[in-house]
Amino acid sequence: MRLLLLAPPGAGKGTQGERLAAWSGARHIAAGDLLRAQAQAATPLGREIAEHQARGDLVPDQVVLNVLIPVVVEAAAAGGYILDGFPRTLPQAIAAAELAADLGVALDATIYLSAPEEVLTQRLLDRASEGGRADDRADVIRRRLRIYAELTGPLVPYYQERGILITVDANQSPESVTADIQAGLSGLSLPG
Ligand code: ADP
């Protein structure tokens, strides 16, 4: 199974990615986690990633591709992936499609998790109050949501035009969201 989770900050990509990986056996690849791990390194690249993440800006496409592509290639060979947070811009989506074509694989579906902005903001603020991430601050959350709308939102029509978009209401319990995703996927004829 090869899936992409497309969603604004706070919609539950990480939670659903873990649940779907456990269910399907495909590898959960969380772009934000991989980049945060790289950001820990005391290297110029680590510092560059950390600065972008702290501001709520996207990490430059080429940096993201350098980090993500080897992981995606390995997972493709090992039986599939649930991509969470990658691709997140049109250039990344085009690079990912070229990579998939080179590997002779294709995405089965893109799951778009949708929820109202006030729900997303409240979830991120709740996570902050539970000792969450450094970028879960009101001003940085606003910036992340704005950048999502500007740079990632265009991927919704991109995948819709390719006929692989499944839209799911993310303003429900995690269990209900997973069930809706599984119901959406059951309508596809998945290989294997
Ligand atoms: P969220 O979706 O809540 O913002 P993530 O962990 O997916 O959480 O992403 C956190 C941060 O990591 C983003 O704000 C951005 O700085 C960086 N990031 C993650 N994925 C990408 C990507 N595909 N392209 C560029 N930057 C990314």
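**Terms and their cut-offs**

Modeller: R36 and D33 both belong to helix α2 (residues 31–39), 3 residues apart, or about one turn of the helix. Helices (H or I, at least four residues) and strands (E, at least two) are DSSP runs, numbered from the N terminus. The model is predicted: local features need pLDDT of at least 70 and side-chain atom pairs pLDDT 80 or more, while totals for chains, interfaces and linings use all residues. Residues are numbered from 1 along each chain as its sequence is written, and side-chain values use heavy atoms, without hydrogens and water.

Colleague: What makes R36 and D33 a salt bridge?

Modeller: The term requires a side-chain nitrogen of Lys or Arg within 4 Å of a carboxyl oxygen of Asp or Glu. The closest N and O atoms of R36 and D33 are 2.7 Å apart, so the pair qualifies. The structure holds 10 salt bridges.

Colleague: Is D57 buried or exposed, and how do you know?

Modeller: Buried means under 20% relative accessible area, exposed over 50%, and partly exposed in between (1.4 Å probe, protein chains only). D57 has 16%, so D57 counts as buried. Its salt-bridge partner R55 has 41% and is therefore partly exposed.

Colleague: How are R144 and D135 classed on that scale?

Modeller: R144, at 10%, and D135, at 11%, both count as buried. Their side chains form a salt bridge at 3.7 Å, N to O. Salt bridges with shared partners join R127, R133, D135, D136 and R144 into one network.
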